[in-house]
Amino acid sequence: MGVLERLNEYIAYKGYTMKAFEESVGMSNGALGTTIKNGLGVRSDKLENILSVHPDLSAEWLLRGVGSMIKGEGKLSELESRIAQMSGSKEII
């Protein structure tokens, strides 16, 4: 999965229409949708703007496909797992 597919996944996850997402990042109507539809590249300045307007979106996930889509997602469960290991229990009450 490439950057465009991941970006499209994020847009769907957040429940945006393509038009609403484009407006949120200051892109003209149809610009991003056409780019995704045609499999074209997104300029780095546009990606920087997307990441600054949507700070919950993980740059590492968007650009490289590594980690979680949403920043901080999954960290609590990692902490809970460590606490459970330390206490000898498998469940956290």
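## Salt bridges at a glance

The structure holds 4 salt bridges, a salt bridge being a side-chain nitrogen of Lys or Arg within 4 Å of a carboxyl oxygen of Asp or Glu. Side chains of opposite charge can pair when their charged atoms come close.

A quick word on the model: it is predicted, so local features need pLDDT of at least 70 and side-chain atom pairs count only at pLDDT 80 or more, while totals for chains, interfaces and linings use all residues. Residues are numbered from 1 along each chain as its sequence is written, and side-chain values use heavy atoms, with hydrogens and water left out.

## Asp56 and Lys14

One of the salt bridges joins Asp56 to Lys14, with the closest N and O atoms 2.9 Å apart. Asp56 sits in the loop between α4 (44-53) and α5 (59-64) and Lys14 in helix α1 (residues 3-14), so the pair ties together parts that are 42 residues apart in sequence. Helices here are DSSP runs (H or I, at least four residues), numbered from the N terminus.

Asp56 is partly exposed at 22% relative accessibility, and Lys14 is partly exposed at 39%. The cut-offs: buried is under 20% relative accessible area, exposed is over 50%, and partly exposed is in between (1.4 Å probe, protein chains only).

## Two more pairs

Arg43 and Asp45 also meet through their side chains, at 2.7 Å from N to O. Arg43 is exposed, with a relative accessible area of 54%, whereas Asp45 is partly exposed at 36%.

Then there's Glu60 with Arg64, whose closest N and O atoms are 2.4 Å apart. Both lie in helix α5, 4 residues apart, or about one turn of the helix. Glu60 is partly exposed at 35%, while Arg64 counts as exposed at 57%.

## How α1 meets α3

Helix α1 also packs against helix α3 (residues 31-38), at an angle of about 130° and with the axes 10 Å apart. Axes are lines fitted to C-alpha atoms over the stretch in contact, and angles run from 0 to 180 degrees between N-to-C directions. That makes α1 and α3 oblique to each other (under 35 degrees is roughly parallel, over 145 roughly antiparallel, 65 to 115 roughly perpendicular, and the rest oblique).

On the α1 side, the contact (heavy atoms within 4.5 Å) is made by Leu4, Leu7, Asn8 and Ile11, and on the α3 side by Leu32, Thr35 and Ile36. These residues divide into 5 nonpolar, 2 polar and no charged. Ala, Val, Leu, Ile, Met, Phe, Trp, Tyr, Cys and Pro count as nonpolar, Asp, Glu, Lys and Arg as charged, and the others, Gly among them, as polar.

Definitions and conventions. Helix = DSSP H or I, 4+ residues; strand = E, 2+ residues; numbered from the N terminus.
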